[in-house]
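This briefing is intended for a reader who wishes to examine a protein model by its computed geometry. Please consult the sequence and the coordinates alongside the text.

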Amino acid sequence: MRQHRRTLRLLGSLLLVAMTASVTGAAPAPAVSPTPLDRVIPAPASVTPGRSPYRITRGTHIRVDGPREARGVGEYLAMILRPSTGYRLPVTAQGAGGIRLRLADGPFGAEGYRLDSGRGGVTITAAKPAGLFHGVQTLRQLLPAAVEKDSVQPGPWPVAGGTIKDTPRYGWRGAMLDVSRHFFTVEQVKRYIDQLALYKINKLHLHLSDDQGWRIAIDSWPRLATYGGSTEVGGGPGGFYTKADYREIVRYASALFLEVVPEIDMPGHTNAALASYAGLNCDGVAPPLYTGTEVGFSSLCAGKEITYDFVDDVIRELAALTPGRYLHIGGDEAHSTSHEDYVKFMDRVQPIVAKYGKTVVGWHQLTGATPAKGALAQYWGLDGTSAEEKARVVKAAQGGTGLILSPADRVYLDMKYTKETPLGLSWAGYVEVERSYDWDPGAYLPGVPAGAVRGVEAPMWSETLENSGHVEFMAFPRLPGVAELGWSSAASHDWERYKGRLAAQAERWDALGIEWYRSPQVPWGGQ
């Protein structure tokens, strides 16, 4: 919500506007053509242009019809608009005209909305506060990009007239941030959450443990964080989230209608835990901390009861901190775990997740064991993954396991764009913007029932990423395309049309201070 960046400047901005308005002979604000309703990302389900545009002015107020959570959406909108417009934009429960947010029954589902704009005002209608919030993100994109700036801008602030009716294709529209290979602070995670919300992402998957670092405090096993979290790739100081830190991330994400999905990767990717507690190793000897980038060499000891005591304690404490429905148990690249031990481990661990009221999510290798009823498998294979491995995933989906699609050579945001990209990896190939966008989640794995595909997720692994600028450079411009794959209908999917809409986002990213990659595949600046 960027309150931490904006509120301190608001009073000064308002004073500046008042002083400017008092100067006689000031030049009128330049003419600005409204952004067409069909230029937003993700593409809306239905657009009907028409009527005169609405203009936000000094007299505009934000009326909210609904409970406290809906009023919170109104306050969020006001906080976005006030610094750049310099207007007061009071949030009220009555009055006509202006911007109105209203809850009402209708064909919106949990996240859909309707936006109506005309000379008299803008009304966003939804059945749930999440729908109002997503409608507000659309309204942001309909306003000039300067609306995102932290200081008063000249305006004007037109909103094109017409109607948008919008509901998402999938309920899972996620982004994963790996905070284990390199640690990211609470403020850095919040910054990414702000960016995800603009494109209607609704899941934040946090990869909280790996060989290089354990990033969440567990009271019953304190050395996991204090020792296991004490370094990162390259040997930096690492770090971890206290329980208060983690609660703040969850609270912040929830306010922007993102559900946090925590991941503790196991039985592999566990060197940080094994280094912290010798008893978790089959031979009782703790390995040294690891700061490299190899994978597949570590494993919890499936034959020791202390392993399951450990897992129970970790899941119990993490589930208590997490109001969301899901807990991710990893399960990928367990190359040093025998198949027999892997199956045994997953058979023991999945019921623990259920015991603490959460639904299991695992990487698609979980389908090599027996996924629990209701479990979700996150597919990260490639177009060229073996037919045998794909067939196992398809069979699980046919048997009731839900799928989240994250093909690495499509939506792994840490993959290099080209061989010249200074950040990222290339083991899955080079992933330019068109390749990332131009595929259909519903048809990606032939034989998967349509209802088994729950959505898409864009992972961001951090072996080479050390700060927010690095994350943004790899996410933009690919992230909005993944968001559109999750939200918009398959019928709306067209690269030629999309790349023009994407190019128009660059000015907004600049206004937000986002670092981004200038892909030659996109006509930036109308080129």
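The model is predicted: local features need pLDDT of at least 70, side-chain atom pairs count only at pLDDT 80 or more, and totals for chains, interfaces and linings use all residues. Residues are numbered from 1 along each chain as its sequence is written, and side-chain values use heavy atoms, with hydrogens and water left out. One cavity of 30 Å³ or more is found in a search of the whole structure, and the structure holds one disulfide.

**Terms for secondary structure and burial**

- Helices (H or I, at least four residues) and strands (E, at least two) are DSSP runs, numbered from the N terminus.
- A residue is buried under 20% relative accessible area, exposed over 50% and partly exposed in between, with a 1.4 Å probe and protein chains only.

- A cavity is a set of points, on a 1 Å grid over the protein atoms alone, where a 1.4 Å probe fits but cannot get out; its lining residues have an atom within 4 Å of a point.
- Grid points are joined across faces, edges and corners, and the volume is the space filled by probe spheres set on the points.
- The largest cavity has a volume of about 60 Å³.
- Its lining consists of L177, F184, Q188, R191, Y192, Q195, S468, V471 and E472. Helix 4 (186-198) and helix 13 (468-475) are the elements that give two or more residues to this lining.
- Helix 4 contributes the most to the lining, with four residues.
- By residue class, the lining divides into four nonpolar, three polar and two charged. Here Ala, Val, Leu, Ile, Met, Phe, Trp, Tyr, Cys and Pro count as nonpolar, Asp, Glu, Lys and Arg as charged, and the others, Gly among them, as polar.

**Disulfide**

- A disulfide is assigned to a pair of cysteine sulfur atoms within 2.5 Å; C282 and C301 form one, with their sulfur atoms 2.0 Å apart.
- C282 and C301 both lie in the loop between helix 7 (271-276) and helix 8 (305-321), so the pair ties together parts that are 19 residues apart in sequence.
- The disulfide is right-handed because the torsion about the S-S bond of C282 and C301 is about 105°.
- C282 is exposed, at a relative accessible area of 59%, whereas C301 is buried at 5%.

**Strands and pairing**

- Two strands pair if DSSP finds at least two bridges between them.
- Seven strands form an open sheet in the order 1-9-6-7-5-3-4, with mixed pairing. Strand 1 (46-49) and strand 4 (91-92) are its edge strands, each pairing on one side only.
- Strand 3 (residues 62-65) pairs with strand 4 in the parallel sense over two bridges, and R63 stands opposite T92 in strand 4.
- Strand 17 (residues 376-379) and strand 18 are parallel and share four bridges; Y379 has L405 in strand 18 as its bridge partner.
- In strand 18 (residues 402-405), G402 and I404 point one way and L403 and L405 the other way, and all are buried.
- Strand 18 also pairs with strand 19 in the parallel sense, over three bridges; here the partner of L405 is V456 in strand 19.
- Strand 10 (residues 172-178) runs parallel to strand 19 and is joined to it by six bridges, with A175 partnered by A458 of strand 19.
- In strand 19 (residues 453-460), seven of the eight residues are buried, leaving the strand mostly covered.

**Helices**

- The expected span of a helix is 1.5 Å times one less than its number of residues.
- Helix 3 (residues 129-142) has 14 residues and reaches 20 Å from its first C-alpha to its last, close to the expected 20 Å.
- Helix 3 is largely enclosed by the rest of the structure, because 14 of its 14 residues are buried.
- The buried residues of helix 6 are K243, Y246, I249, V250, Y252 and A253.
- F257 follows helix 6 and has a positive phi, near 60°.

**Two loop residues**

- I218 lies in the loop between strand 13 (213-214) and helix 5 (223-226) and is buried, at 2% relative accessible area.
- D38 is in the loop between helix 1 (3-21) and strand 1 and is partly exposed, at 46% relative accessibility.

Methods. On a 1 Å grid over the protein atoms alone, a cavity is a set of points where a 1.4 Å probe fits but cannot get out, and a pocket is an open set with protein on both sides within 12 Å along at least five of seven lines; lining residues have an atom within 4 Å of a point.
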